[in-house]
Amino acid sequence: MSTFPASAVEKFRHEALLYAGGADFITGTVPFIRDGVRAGEPVLVVESVDKIELLRVALGDDASAVLFADMAGVGANPARIIPAWHDFVSRHGAAGRRLRGIGEPIWKGRSPDELIECQRHESLLNVAFGHGQPWWLLCPYDTERLDAAVIEEARRSHEFVTERSTVKASDIFRGLEASGAPFDVPLPEPGTALGQMAFGPNDLAAIRVLVSRHARAAGIEARAAELVTALNEVATNSIRHGGGSGTLRVWQEDSTLVCEVRDRGRFDKPLADRERPSVSVSAPRGLWLANQLCDLVQIRTLPEGTVVRLHMRRRPQQHLRVVPAVN
Amino acid sequence: MELLGGGRDSIDDRLDAALEGGIVYADKLLVVTRTEDPTGLCFAGEIDVSNSHAVAESLSVTEGDGADLHLDLSGLSFCDISGIRSLVDAAETRLSGRLMLHGLPELLQTVMKATGWSELPNLHICNCRGAR
């Protein structure tokens, strides 16, 4: 008997799967995948390489009908996951065709900064797909390895929660509207800044020189041009939309260089940094580009203005892998 | 910011322009010069929101005869989205002939691809090195 009946969902269904260890993971995911495959629904699984291997074995012949992608690549920067799901839905969900997905963006090794951005990502999924076509996304959470507070947040960002093979509506789900509310979780105050400057419309070139110098000094020379390009766009936003000026701070955290821009603008389009730019020449592209180039982008909407932090690690990030097409 | 081009009609003027490097636009970040063979412009330096208007201005004085226009971008050490947007805009508003981009730095190619601007009918990215 199947845990997940193949009954078609009538709207986007965002469901957390709380599992304890590998066997529980398989029990919770395999019937969901299999039911999708047998109903002719395209299924995309974005998981770790290890879990993909487990699933391939457990699914046997059904695995050939499933698309797999490595979450370590797709979700290295969590803001790239929604675009990947968008691609899947638009490529395979023509004419309202039902689809299923499994995505596990949060694992034990995520840094504290990444974890918070992943949690924001989980909420933004509701905004990105809540008004669109019906499809079913299952997000596994490992209760043996993740903190209780992380599981608690999963209950707020998912409308449904499955645990021990029982599905329930989450009674603390924050709802569609609150999922896209201004994000104002405090950012930790950094240690000593390597560089700091107030900037106005005539200072972009100076900003580029400053960041380029610090990137070289921090040993991320190979990625300096990407960081400079991303930062230039963020600072340009301050000049054009954020009151005409801003302040820049640069510091290092282990092998990561962080650049922060603060301005008096108000960032109130929660998906603006993760919606693929339209073909229109005038469509905004700056924050989207920052997410494609940087390892992590943190955006906060605070009463006094907007803060954007760009993170660039010494090691190159894994780039988004192309999802193979379904035949 | 001064615009030095435009209105060069006589053969003597054009010869002068070619001899002096044919500067079409110059500011402290960017120099744009005319190129004769192939017909086009050479951009050297940096383009950002402070001077991206130079792209359209320079192109407007180098319309040629409707044939393809060649832009040598191998000397661009930086170009932001507003600069790329100006190139795309210029390509899309051309009545005839394509805008051929030569020597496009690798990062700019990545940026154009990431921002959905790499496959446009009137904008062609040439993989040769430099326009000349």
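Analyst: **Where chain B meets chain A**

In this predicted model, 16 residues of chain B are in contact with 23 residues of chain A (contact means heavy atoms within 4.5 Å). Between them the two chains bury about 1600 Å², 63% of it on carbon and sulfur atoms; buried area is the accessible area (1.4 Å probe) that two parts lose on being put together, summed over both. On the chain B side, B:F78, B:R85 and B:L107 lose the most area to chain A, together 29% of what that side buries.

Now the charged contacts. Two salt bridges link chain B and chain A (a side-chain nitrogen of Lys or Arg within 4 Å of a carboxyl oxygen of Asp or Glu). B:D48 forms a salt bridge with A:R208, with the closest N and O atoms 2.8 Å apart. Helices α3 and α4 of chain B each supply at least two residues of the side that touches chain A, and α3(B) gives the largest share, five residues. Helices here are DSSP runs (H or I, at least four residues), as are strands (E, at least two), numbered from the N terminus.

Those two helices also meet α10(A): its buried residues pack against α3 (81–93) and α4 (106–114) of chain B, together with α4 (81–92), α9 (224–241), β11 (296–302) and β12 (305–313) of chain A. Eight of the eight residues of α10(A) (286–293) are buried, so this helix is largely enclosed by the rest of the structure (buried means under 20% relative accessible area, 1.4 Å probe, protein chains only).

A note on conventions: residues are numbered from 1 along each chain as its sequence is written, and chains are lettered from A in the order in which they are written. Local features need pLDDT of at least 70, side-chain atom pairs count only at pLDDT 80 or more, totals for chains, interfaces and linings use all residues, and side-chain values use heavy atoms, with hydrogens and water left out.

Key:
Buried means under 20% relative accessible area, exposed over 50%, partly exposed in between (1.4 Å probe, protein chains only).
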